[in-house]
Amino acid sequence: MARRRIKSASIKFVSLVSRGANRMPVIYKSEDNTVDFDAITKAVSNFNETGELLAVVYAPEIRDAQGDIASADVIKQMAYEHAKSGLHLDVMHDGKPLSKDRAYVAENFIIAKGDERFSDWKDSSGKPVNVAGGWGQVIKIEDPELRKQYREGKWNGVSMAGPAQVETETEKSERIAESFAKHLGNPFSIIKNMDETKFGEALAKALAPALAAQ
């Protein structure tokens with residue numbers, strides 16, 4: 001499994017989908033450079049009356065089932081980009097925005113530490129997760145038929161889609177190796193001539209450009 005870091009993503013739609021709820025996000029890369037995110041979702045206790053769903057779109061520095069991970073800063077950027085694009089909802093990624101009288105994003109926010117709404121969330125294995133600093137949404141379902149379909153399990157998840165840039169960890173490793181070779185040449189030929197302090201200084205100098213590019 002490739003281990004990738006999401007560098008940026010522009011979420012265009014939040015889609016109501018027939019995928020299992022309460023899953024950690026999963027990212028899928030397609031040929032057109034679009035990714036889908038399965039969010040952790042939970043109906044509030046009085047869903048029948050309010051139609052409100054809580055969703056964790058992505059949590060920082062928690063590797064998902066596909067081996068991908070994102071920083072809090074990138075997640076914030078994704079949340080802002082979705083707001084900028086109009087906070088559109090659709091169904092099953094059909095690309096047709098739902099009218100606001102059927103469903104809309106009531107809240108789009110970064111999850112604050114201590115937010116009681118997210119104090120007992122778990123991943124797909126049932127393990128508690130800390131989602132503070134992640135991207136949260138409250139989705140308001142107004143349409144009676146959509147509420148009925150949710151209760152019946154015809155759709156029970158939320159997925160996000162949009163173009164993204166990702167970087168594999170092997171790419172990062174290759175940059176570090178290239179930088180090391182550039183600054184030290186063949187390190188094994190000079191290690192014997194260095195004391196511990198000098199070698200540490202040379203190693204730090206060799207790695208600095210690659211680490212700064214992360």
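Tutor: A salt bridge is a side-chain nitrogen of Lys or Arg within 4 Å of a carboxyl oxygen of Asp or Glu. This is a predicted model, in which local features need pLDDT of at least 70 and side-chain atom pairs count only at pLDDT 80 or more, while totals for chains, interfaces and linings use all residues. Residues are numbered from 1 along each chain as its sequence is written, and side-chain values use heavy atoms, leaving out hydrogens and water.

Student: Why is the pair D115 and R117 called a salt bridge?

Tutor: The closest N and O atoms of D115 and R117 are 2.9 Å apart, which is within the limit, so the name applies. Side chains of opposite charge can pair when their charged atoms come close.

Student: How many salt bridges does this rule give?

Tutor: The count comes to seven. One of them joins R117 and E107, with 3.3 Å from N to O. This pair links distant parts of the chain, 10 residues apart: E107 is in strand β9 (103-110), and R117 is in the loop between β9 and β10 (135-141). Helices (H or I, at least four residues) and strands (E, at least two) are DSSP runs, numbered from the N terminus.

Student: What makes the partners buried or exposed?

Tutor: Buried means under 20% relative accessible area, exposed over 50%, and partly exposed in between, with a 1.4 Å probe and protein chains only. D115 has 17%, so D115 is buried. R117 has 33% and therefore counts as partly exposed. E107, with 34%, is also partly exposed.

Student: Why is H82 called buried?

Tutor: The relative accessibility of H82 is 0%, so the residue falls in the buried class. H82 lies in helix α2 (residues 72-84).

Student: What makes the link between H82 and Q137 a polar contact?

Tutor: A polar contact is a pair of N or O atoms within 3.5 Å; within protein, one must be able to donate a hydrogen and the other to accept it, and residues adjacent in sequence count only if both atoms are side-chain atoms. The side chains of H82 and Q137 are joined at 3.1 Å, so the distance meets the limit.

Student: Why is strand β2 called mostly covered?

Tutor: In β2 (residues 13-17), five of five residues are buried. F13, S15 and V17 lie on one side, V14 and L16 on the other, and both faces are covered. In a regular strand the side chains alternate between the two faces of the sheet.

Student: How do you know that β2 pairs with β11?

Tutor: Two strands pair if DSSP finds at least two bridges between them. β2 and β11 (residues 157-168) have five bridges, in the antiparallel sense, so they pair. F13 has A161 as its bridge partner in β11. Strand β8 (residues 89-91) runs parallel to β2 and is joined to β2 by three bridges, with V14 opposite L89.
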